[in-house]
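Dear colleague,

I am passing on the structure below, followed by an account of what was found in it. Please read the notes alongside the coordinates.

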Amino acid sequence: MPALAAPNRHPPPPQPLPGQAARAAASGRQRLGRRAAAASAAGAPPRQKMFVHLWGFLYSHYFRFWLKWILRLLTRKCELQRILDGSKEGARRTLSIEHSLDSSKSKVLRNAVHVDEAEVEKCVRDVMKEKKIEQKNTGFKINLHICLLQISGYKKLYLNVESLRKVPYDADNEEHEEQLIELWNLLMPHENLKARITKQWCDIGFQGDDPKTDFRGMGMLGLVNLVFFSKHYTSEARQILSRSNHPKLGYSYAIVGINLTEMAYSLLKNGALKSHLYNTVSGLPQMEDFHQFYCYLVYEFDKFWFEEEPESIMHFNQYREKFHEKVKGLLLDYDVILTLKNTKKP
Amino acid sequence: MEMCFRALCCKGPPPPRPEYDLVCIGLTGSGKTSLLSQLCSESAENIVSTTGFSIKAVPFQNAILNVKELGGADNIRKYWSRYYQGSQGVIFVLDSASSEDDLETARNELHSALQHPQLCTLPFLILANHQDKPAARSVQEIKKYFELEPLARGKRWILKPCSLDDMEAVKDSFSLLINLLEERDFEPSRM
């Protein structure tokens with residue numbers, strides 16, 4: 001039996017990926033959201049979980065109010081001002097603002113997290129009026145404006161991603177068909193499709209002779225993601241495709257891609273992507289930002305898969321879960337940025 | 001919360017239900033993942049194609065089924081037999097509305113499974129899924145086409161129609177399978 005060739009080298013990163021700092025110890029002020037989530041997620045013993053919940057309840061219902069009152073008295077600033085003055089732009093700041101707005105007793109503040117793009121300016125003025133902050137405080141105005149765009153923009157992005165996901169692939173829709181053919185042409189530039197229904201689709205990792213049955217719950221979102229990666233990172237995509245055809249460590253390129261779309265989608269849905277998006281976009285996040293995160297997942301998963309050297313494709317799910325846990329862990333870091341920078345000239 | 005309540009009321013843990021290890025096979029797109037997810041009260045909205053295998057503990061009132069679901073794509077079916085060891089029953093899902101070619105492939109796979117040394121003595125639950133589609137063949141047609149009466153004689157099998165919009169019927173079909181599995185428990189020396 002011929003010796004198996006080592007897998008092609010993983011495509012070199014277009015730019016060195018930023019290092020991910022380990023999560024620092026919790027800051028003085030208890031931010032229960034992440035710690036509680038991490039504690040219960042880590043399968044902490046029931047008694048510990050109970051204490052966390054009890055503390056959370058007491059804190060949010062009693063201690064927090066008195067703590068804020070004292071701090072306002074001492075610093076003459078409301079919580080929003082303290083946060084915006086105390087930290088620079090980034091996820092830490094925006095998440096604190098979001099938490100503060102969500103937990104506010106004021107309806108004006110609570111509704112600010114859902115504000116429409118066109119209404120943000122007015123909303124900022126209303127918040128300043130509500131909290132008795134001077135309107136000439138432009139620093140506060142600008143910073144809150146950015147935070148609100150990020151916070152409400154994240155929710156809007158999820159809705160847009162969800163509506164694309166709900167669009168099933170339709171073979172009678174010319175636009176859908178065009179994108180599918182485009183995917184083929186980007187990945188297999190030297191080979192023509194013999195027909196629309198053909199076993200050739202398996203060469204790019206679809207399961208059968210008609211890709212439309214493979215999108216399932218991810219709908220057009222899956223195809224759009226695949227095309228985006230192939231279009232904007234063409235050489236990386238082709239290298240990863242060629243690695244995916246490895247005789248022993250191979251996997252189905254397109255199917256795994258759709259799986260990773262589901263991973264990106266669920267991270268967006270449950271709010272885990274906030275830290276990454278609040279750090280990378282200081283304004284309204286766009287669909288392209290979601291696609292870029294998807295590209296990061298595909299690139300990193302390919303690297304991860306070959307490093308792990310799984311026994312066979314049959315063990316895909318357990319490695320997928322391991323990778324998922326790794327990404328979730330990275331996203332807990334307030335300073336996280338997970339992107340694949342494109343060094344190509346536009 | 002439930003554990004707190006139990007601890008407070010000095011109640012012991014609930015009595016354990018018997019567990020059975022099953023394998024779930026069928027062609028890609030037949031509906032294995034969707035059916036199992038819905039049986040576990042999970043949404044089947046965000047389903048993606050199963051690559052490799054996935055294990056689900058499906059709870060029923062009188063038993064827990066540990067189902068090893070195997071992906072049905074062409075390039076994965078060759079690995080199916082590696083995962084038959086230790087199974088106590090088989091669930092075979094087919095798309096009643098698939099093309100002639102696919103139905104033939106499904107028939108071949110079912111026959112292989114019925115005759116496989118590690119599965120031939122086990123109870124089979126055969127689900128003719130996608131009954132809600134207009135092109136779906138009836139149970140009678142499926143039974144005839146799959147030659148179940150002659151081929152599966154002497155084996156214990158159940159053939160039931162089903163679709164995702166009637167999960168009660170699916171649960172009933174599974175209850176029948178659980179009965180077969182329980183019967184087996186009482187006859188350990190049966191060949």
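Buried is used here for residues under 20% relative accessible area, exposed for those over 50%, and partly exposed for those in between, with a 1.4 Å probe and protein chains only. This is a predicted model, in which local features need pLDDT of at least 70 and side-chain atom pairs count only at pLDDT 80 or more, while totals for chains, interfaces and linings use all residues. Residues are numbered from 1 along each chain as its sequence is written, chains are lettered from A and ligands numbered from 1 in the order in which they are written, and side-chain values use heavy atoms, with hydrogens and water left out.

Because its relative accessibility is 52%, Phe51(A) counts as exposed; this residue lies in helix H2 of chain A, residues 46-75 (helices, H or I with at least four residues, and strands, E with at least two, are DSSP runs numbered from the N terminus). Phe51(A) also belongs to a nonpolar surface patch with Leu54(A), Trp55(A), Phe57(A), Leu58(A), Tyr62(A) and Phe63(A), which together have about 700 Å² of accessible area. Patches consist of residues with over 30% relative accessible area and no salt bridge, with nonpolar side chains (Val, Leu, Ile, Met, Phe, Trp, Tyr) joined within 5 Å and like charges within 9 Å; a salt bridge is a side-chain nitrogen of Lys or Arg within 4 Å of a carboxyl oxygen of Asp or Glu.

Chain A as a whole has 14 helices and zero strands, and 48% of its 346 residues count as buried.

Turning to the aromatic residues, the whole structure holds 24 aromatic pairs over all chains (ring centres of Phe, Tyr or Trp, the last by its six-membered ring, within 6.5 Å; planes under 30 degrees apart are stacked, over 60 edge-to-face, and the rest tilted). The pair of Phe206(A) and Phe215(A) is edge-to-face, because the ring centres are 5.8 Å apart and the planes stand at 70°; both residues are buried. Phe304(A) and Phe323(A) form a tilted pair, with 5.4 Å from centre to centre and 50° between the planes. Since Phe304(A) lies in helix H13 (residues 287-308) and Phe323(A) in helix H14 (residues 316-331) of chain A, this pair ties together parts that are 19 residues apart in sequence.

With kind regards

Definitions and conventions:
Areas by Shrake-Rupley, 256 points an atom, 1.4 Å probe, with all protein chains shown as cover.
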